[in-house]
Amino acid sequence: MNETNAAEWDAALHTIEAQEDALRWKGFFTSADALALGNAAARLAAGYDRGVTVRVVRESDGLVMFEWASDDKAPRNQVFAEGKRRASQACGHASLWAYVAHELDGRCQDLVDRGTMEKYGTPDFACPVAGAFPIRNQDSTLLATFCVSGLHEGLDHELAVRALAEAEGLAYGTDVPAYTGPAK
């Protein structure tokens, strides 16, 4: 990797971390919050070129608090959403962070190895690509994971961040930095 590419990957990693910091949840994360967040994602998804599956999982007990799929989605999108969640849990950041960190310096190789089709559909399957975003409170406690599956080129991540920003009353692109780095 040349220096320019390394600088772009490093900047992308820092943007994701800045998004995570900006999107700290204030207070408890309730079922009403999950519903509002999921509905925001479903509404915003209409602006993309294909549909999505949206899932919100409470991390204290693994309860799926919200799940919705547009008419053009299939069960495989649920599998990918769960794989993205596992990648997010394993790296402690958004699932896109794992991909970017791996491309930058080889971190998260175990997640890349778990993302193979041989692992697909198994409890070991992890998907270190765009789409899962950790919902943490001000004390950094993981409250829930918000997952989007079905788009391409990092747009799952974009949709998740846009919906979270809206749910928290923040402006995407100003209060929460827009991610414009390399994506998968």
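Tutor: Let's start with strand β3 (residues 132-136) and β4, which pair in the antiparallel sense over five bridges. Two strands count as paired if DSSP finds at least two bridges between them. The strands themselves are DSSP runs (E, at least two residues), as are helices (H or I, at least four residues), and both are numbered from the N terminus.

Student: Before we go on, what kind of model is this?

Tutor: It's a predicted model, where local features need pLDDT of at least 70 and side-chain atom pairs count only at pLDDT 80 or more, while totals for chains, interfaces and linings use all residues. Residues are numbered from 1 along each chain as its sequence is written, and side-chain values use heavy atoms, with hydrogens and water left out.

Student: Which residue stands opposite Ile135 in β4?

Tutor: That's Ala144. The hairpin of β3 and β4 has five residues between the strands, and Ser140 there takes a positive phi near 75°.

Student: In what order do the four strands sit in the sheet?

Tutor: The general idea is that strands of a sheet pair through backbone hydrogen bonds, either parallel or antiparallel. Here the four strands form an open sheet in the order β2-β1-β4-β3, with antiparallel pairing. β2 and β3 are the edge strands, each pairing on one side only. From one strand to the next, the twist averages 15°.

Student: How many bridges join β1 to β4?

Tutor: Six bridges join β1 to β4 (residues 142-149), and the two run antiparallel. In that pair, Val56 stands opposite Phe146 of β4. On the β2 side, β1 and β2 (residues 63-69) pair antiparallel over six bridges, with Val54 opposite Trp68 of β2. Their hairpin has four residues between the strands, and Gly62 takes a positive phi near 80°.

Student: How many residues of β1 are buried?

Tutor: "Buried" means under 20% relative accessible area, "exposed" means over 50%, and "partly exposed" is in between (1.4 Å probe, protein chains only). In β1 (residues 53-58), five of the six residues are buried, so the strand is mostly covered. β4 has seven of its eight residues buried, so it is largely enclosed by the rest of the structure.

Student: And in the loops, is Asp49 buried or exposed?

Tutor: Asp49, in the loop between α2 and β1, is exposed, with a relative accessible area of 60%. Gly154, in the loop between β4 and α6, counts as buried at 7% relative accessibility.

Student: What does Gly154 touch?

Tutor: A contact means heavy atoms within 4.5 Å. Not counting residues up to four places away in sequence, Gly154 touches Ala130, Ala183 and Lys184.

Student: Which residues have the most contacts inside the largest nonpolar core?

Tutor: The general idea first: in soluble globular proteins, nonpolar side chains tend to be buried together. A nonpolar core is a set of buried Ala, Val, Leu, Ile, Met, Phe, Trp, Tyr and Cys residues joined through side-chain atoms within 4.5 Å. The largest one here has 48 residues, and Phe29, Val100 and Phe146 have the most contacts inside it. Helix α4 (residues 95-105) gives the most to this core, with seven residues. Leaving aside neighbours within four places in sequence, Val100 is in contact with Trp9, Ala12, Leu13, Ile16, Tyr179 and Pro182.

Student: At what angle do α2 and α6 pack?

Tutor: Axes are lines fitted to C-alpha atoms, for helices over the stretch in contact, and angles run from 0 to 180 degrees between N-to-C directions. α2 (residues 31-45) and α6 (residues 155-167) pack at about 125°, with their axes 9 Å apart. They are therefore oblique to each other: under 35 degrees counts as roughly parallel, over 145 as roughly antiparallel, 65 to 115 as roughly perpendicular, and the rest as oblique. Among the residues making the contact are Leu37 and Leu44 of α2, and Leu159 and Leu164 of α6.

Student: Which strands do α3 and α6 lie across?

Tutor: α3 (residues 75-91) lies across β1, β2, β3 and β4, running at about 140° to β4. α6 lies across β3 and β4, at about 130° to β4.
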